[in-house]
Amino acid sequence: MSYRVTFVCTGNICRSPMAEHIFRHHAEQEGLDVEVDSSGTGHWHVGDSADERTVATLRRAGYRSSHRARQFEASWFDRYDLILALDEGHRTDLLRLAPDEAARRKIRLLREFDPDARDLDVADPYYSRDSAFDEVREQIEAAVPGLLDHVRRAAKER
C-alpha cells in the first residue's frame, strides 16, 4: 500500500498545489511508492484550477501543474499517513477538525522538514508580487530532502 501524503493551504490554488507537484516529482524520481495530493481549509476556490502564477512558477521550474482545488474534509484523516500544513493557521484549522489524537499526530508543518528554516510558515503569495511565487517554490524545495527522508523511514516502519 502506498504511503499517502497531502498538503493543505487556504484555498488550494497557490501553496498546496505547488507543494503537491514539487513533492510528487521528487518522490517519483526517487522511485517512492507515495500518493500525493492537496486541498484547502476553505471552500472559496473548490473546482478552480491553480492560480496562474502558481502554474507559471511550476512550469518554469520544470514541474507539471494540472490541478483542481478541493476542500479538506474531516473524514479524510483516515485516508492519509501525513498531512502537511503550509502555515500555522492551516495547522490550527486541521487540529480543530481532527477527530482524535491519532489524527492530530499526522499533522505537521511542511517547513519542519527544512533544517535551515527560521520561520515554519510558507508565506502566502496570493496578494503579493509575482516573484513571491518563486520564493514559495524555493521554500517548498528546501523542505523536500527532509520530507523524502521522513517518508522513506515512515514507509519502512509501516
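Strand β3 (residues 82–85) sends L82 and L84 to one side and I83 and A85 to the other, and all of these residues are buried, where buried means under 20% relative accessible area, as against exposed at over 50% and partly exposed in between, with a 1.4 Å probe and protein chains only. The strands and helices named here are DSSP runs numbered from the N terminus, with helices (H or I) of at least four residues and strands (E) of at least two. The model is predicted, and local features need pLDDT of at least 70 while side-chain atom pairs count only at pLDDT 80 or more, although totals for chains, interfaces and linings use all residues. Residues are numbered from 1 along each chain as its sequence is written, and side-chain values use heavy atoms, with hydrogens and water left out.

The pairings of the strands are set out below; two strands pair if DSSP finds at least two bridges between them.

| Strands | Sense | Bridges | Facing residues |
|---|---|---|---|
| β1 (residues 3–9) and β3 | parallel | 4 bridges | V5 opposite L82 |
| β3 and β4 (residues 107–109) | parallel | 3 bridges | A85 and L109 |

From β1 the chain passes through helix α1 (residues 15–30) to β2 in a right-handed β-α-β crossover, that is, with the strands pointing away from the viewer, the path from the first strand over the helix to the second runs clockwise.

Helix α2 (residues 52–60) has R53, T54, V55, T57 and L58 as its buried residues, and the elements that cover them include α1 and α5 (131–157), with contact taken as heavy atoms within 4.5 Å. At the start of α2, a side-chain oxygen of D51 comes to within 2.7 Å of the backbone nitrogen of R53. After α2 comes G62, which has a positive phi, near 90 degrees.

An unreviewed UniProt entry places the feature "domain: Phosphotyrosine protein phosphatase I" at residues 3–150, and such annotations may be inferred rather than shown by experiment. Over residues 3–150 the chain is 41% helix and 14% strand, with the end C-alpha atoms 11 Å apart.

Notes: A polar contact is a pair of N or O atoms within 3.5 Å; within protein, one must be able to donate a hydrogen and the other to accept it, and residues adjacent in sequence count only if both atoms are side-chain atoms.
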